[in-house]
Amino acid sequence: MCTLYFRRHTPYYTHPDVRIYELNRRLQQRTEESDNLWWDSFVTEFFEEDATLTLNFCLEDGPKRYTIGRTLIPRYFRSIFEGGVTELYYHLLQPKESYHNTTITLDCENTTMITSHIKPVYTKVCTEGRLILEFTFDDMMRIRNWHFTIMQHREMIPRNVVAMQDPGMLEQVSKNVTRQGMTNFTLNYLRVSTCSVIFPNLNAVKAL
C-alpha cells in the first residue's frame, strides 16, 4: 500500500532581502527609453494589485505623510528619474523579518535610499530612514505595503568640485539638489497625486 504525504509548497523566495536585491537589479536595467509600459511591468513584478506606498518626512513647513495606491506607484518611481536622478537603489542594514500565515513583514530601521545626480554637478544623496515592507507569503512574494519614514539625508559631491575657485560654481554646489532626499519633481508629483496629511504644530497649539 502506498502512502501519500502532502507538503506545503515552499515559496521560491524565502527571504525578503532577496526581493530587494531583485528590485535594485531591475532598477539598474532602466534606460532613458523606459516608458510607461516598462514602469508598469516593474511595479507588477514587485507590487500587489492592491498595494499602497506611504512616505513620511518633515519639510520646512512641518511633517508630511503621502500615501498612493498601486496605479500611481509606477509614476512615483519614474518621477524620481525624471527629477534628475540617474541611479537609485536601496541598502538595508540588519533588517528584521517576521513570518505570518499569509504575509512576511520586513522591518529595517537602518535603510538608505541612495540616488545619484549629475546636475549641476555629480552628487550622491543618501536618504536614511526606516523601511517597513509587507510581502505576500506565496510564490510571487510581492509587496502589499511599502512604508518609508525618512529621518535625514546627506548630499555628497567630489572634492575636486569643492576645491574649484569659480564663485558661480561654488554658489551652485552650495545649494541642495533635494529636499529630504527627494527632488522637487517627485514632491510636486506626490502633492498633485494624493492628499498629504499635515500634522499640527503642537507648540502653536499649546500657545493658543
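Helix 3 is mostly covered, with seven of its ten residues buried. The model described here is predicted. Its protein chain contains seven helices and seven strands, and buried residues account for 40% of the chain's 208 residues.

**Helix 3 and its partner**

- The buried residues of helix 3 are Ile73, Pro74, Tyr76, Phe77, Ser79, Ile80 and Phe81.
- Helix 3 spans residues 73–82, and its axis comes within 7 Å of the axis of helix 6, which spans residues 184–193.
- The two axes cross at roughly 150°. Because angles over 145 degrees count as roughly antiparallel, helix 3 is described as roughly antiparallel to helix 6.
- On the side of helix 3, the contact is made by Arg75, Tyr76, Ser79, Ile80 and Glu82. On the side of helix 6, Phe185, Thr186, Tyr189 and Leu190 take part.
- Sorted by class, this contact of helix 3 with helix 6 comprises five nonpolar, two polar and two charged residues.
- Just after helix 3, glycine 84 adopts a positive phi of about 115°.

**Helix 1 and helix 2**

- Helix 1 (residues 16–28) packs with helix 2 (residues 36–46) at an angle of about 175°. Their axes are 11 Å apart.
- The angle makes helix 1 roughly antiparallel to helix 2.
- Arg19, Glu22, Leu23, Arg26 and Leu27 are the residues of helix 1 in this contact. They meet Trp38, Trp39, Ser41, Phe42, Glu45 and Phe46 of helix 2.
- By class, the contact of helix 1 with helix 2 has six nonpolar, one polar and four charged residues.

**The largest nonpolar core**

- The largest nonpolar core holds 41 residues.
- Phe42, Phe47, Tyr76, Phe77, Leu88, Tyr90 and Trp146 touch the most other members of this core.
- Strand 1 (residues 47–59) supplies the largest share of the core, namely six residues.
- Phenylalanine 42 touches Leu23, Arg26, Leu27 and Phe77, when residues up to four places away in sequence are not counted.

**Backbone features in the loops**

- Most residues other than glycine have a negative phi, and most peptide bonds are trans.
- Glutamine 94 has a phi near 55°, a positive value in a residue other than glycine. Glutamine 94 lies in the loop between strand 3 (85–92) and strand 4 (96–99). With a relative accessible area of 67%, glutamine 94 is exposed.
- Methionine 141 also has a positive phi, of about 45°, although it is not a glycine. Methionine 141 belongs to the loop between strand 6 and strand 7 (143–156). In contrast to glutamine 94, which is exposed, methionine 141 counts as buried at 0% relative accessibility.
- Lysine 119 and proline 120 are joined by a cis peptide bond, with omega of about 0°. Proline 120 is located in the loop between strand 5 (103–117) and strand 6 (123–136).

**Cysteines and disulfides**

- A disulfide is a covalent bond between the sulfur atoms of two cysteines. The structure holds zero disulfides.
- Cysteine 58 is partly exposed, with a relative accessible area of 42%.
- Cysteine 126 has a relative accessible area of 8%. Cysteine 126 is therefore buried, because buried means under 20%.

**Overall arrangement along the chain**

- Read along the sequence, the protein chain has the pattern α-α-β-β-α-β-β-β-β-β-α-α-α-α.
- Among the contacts in the protein chain with a separation of 6 or more, 61% are between residues 24 or more positions apart.
- Glycine 69 is placed in strand 2 (residues 62–69) and is partly exposed, with a relative accessible area of 29%.

Terms used. Residues are numbered from 1 along each chain as its sequence is written. This is a predicted model: local features need pLDDT of at least 70, side-chain atom pairs count only at pLDDT 80 or more; totals for chains, interfaces and linings use all residues. Side-chain values use heavy atoms; hydrogens and water are left out. A disulfide is a pair of cysteine sulfur atoms within 2.5 Å. Buried means under 20% relative accessible area, exposed over 50%, partly exposed in between (1.4 Å probe, protein chains only). Axes are lines fitted to C-alpha atoms, for helices over the stretch in contact, and angles run from 0 to 180 degrees between N-to-C directions. Helices (H or I, at least four residues) and strands (E, at least two) are DSSP runs, numbered from the N terminus. Angles under 35 degrees count as roughly parallel, over 145 as roughly antiparallel, 65 to 115 as roughly perpendicular and the rest as oblique. Contact means heavy atoms within 4.5 Å. Ala, Val, Leu, Ile, Met, Phe, Trp, Tyr, Cys and Pro count as nonpolar, Asp, Glu, Lys and Arg as charged, and the others, Gly among them, as polar. A nonpolar core is a set of buried Ala, Val, Leu, Ile, Met, Phe, Trp, Tyr and Cys residues joined through side-chain atoms within 4.5 Å.
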